[in-house]
Amino acid sequence: MDALNPVLKSHPGPSVLVFCLLFRVVHRLLQRLPVPKVVKQNELHEWKWRNLAVSMVHSLLTGTWALTCVLVWPETLSNIHSYHTPLSYLLVCVSTGYFVHDASDIILTGHARGSWEFLLHHVLVISSFLYALYTNLYVAGAVIALFVEVNSVTLHLRLMLKLAGAQYSSIYYFNKITNIFTYVMFRLSTQFYLTWFIIHNYSWLDHGAYFLTAMIVMNIMILIYFYRLLRADFFSSRKSSVGQNGTHNNNSRKFLTD
C-alpha cells in the first residue's frame, strides 16, 4: 500500500481512469449473470438492472471501506480538511473511477435525459473527489461522504426488487424499513455533518464557497428523494402502483421516480 500510494498521488487522473476501466470489466462480468425474466422483457429495465448491479458492487465495497477507515483512524472524522491515510486515498481513487464509469454508462447508452439528477450528482462528486486527489485536501471528507454508500446498498436492492416485480414481498418490506433507517443514519446524517463542518469552518477552508454550494445542492436533492421515498413506500395506495392489466408500474424512465 505504501509503495502504491506515491504512484496514485503522482498520477491521480490516470489512476482514476484505470479504476474506471476496472469497473467496466466488472460491468462486463456481471452481464454473464442471469437476469429475472420479467426484467429481460423490457430493454430499459434490463439496462437499469445491470447498471444497479455494478452500483451495488461499488456500494458494498466503498461503504464498508469508508466505515473501516474511520473505525481504524478516528481522526478522519475530526480533521476533514487535511488528514488522510494511504488506504483512504486509495478509496477515493477507486470511488472516483466508479462515478466516472457510471456517468459514462448513462451518457453513452442514451439515458442522460432520464437520469439528469444522477449526472448532476456525479459531476459534483467527481469534481470534489478529483480536487481532493490532486491537492491532498478533503480526502477525509470524501471518505466520510462515502458513508452514504451503506444506504445505497438498500436503495439499490429496493429498485432491483421493484424491477423484478417483488415490491409486495416480505423481502421488500424488510428492506424498505432498513432503507429508511440507513437513509437517516448514513445519508442524511453524513450530508448534514459535512455541511455543518463547512459552515463552522468556512472562514479558513480552501474553496469553501464551492464545497458549501455543492453540499447545499446535494442536500436539496437527498431531501427531495427522501420525500419521494416516503411517499412511494409508505403513503401510496396499492392501486396507484398497479397498472390496468395488473402489472406493476415500473415503466418510469427516471431512477428518482422509482
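A: The count of disulfides comes to zero. A disulfide here is a pair of cysteine sulfur atoms within 2.5 Å. This is a predicted model, where local features need pLDDT of at least 70, side-chain atom pairs count only at pLDDT 80 or more, and totals for chains, interfaces and linings use all residues. Residues are numbered from 1 along each chain as its sequence is written, and side-chain values use heavy atoms, leaving out hydrogens and water.

Q: What about C93, and which cysteine sulfur is closest?
A: That sulfur is in C69, 13 Å away, again too far for a bond.

Q: What makes C20 buried?
A: Buried means under 20% relative accessible area (exposed is over 50%, partly exposed in between; 1.4 Å probe, protein chains only). C20 has 11%, so C20 is buried. C93 has 0%, so C93 is buried too.

Q: Why is α4 called roughly antiparallel to α6?
A: The axes of α4 (residues 43–72) and α6 (residues 86–108) come within 10 Å and cross at roughly 165°. That makes the two helices roughly antiparallel. The label needs an angle over 145 degrees; under 35 is roughly parallel, 65 to 115 roughly perpendicular, and the rest oblique.

Q: Which residues of α4 and α6 meet?
A: Among them are W47, H58 and W65 in α4, and L87, Y98 and I106 in α6. Contact means heavy atoms within 4.5 Å.

Technical notes. Axes are lines fitted to C-alpha atoms, for helices over the stretch in contact, and angles run from 0 to 180 degrees between N-to-C directions. Helices (H or I, at least four residues) and strands (E, at least two) are DSSP runs, numbered from the N terminus.
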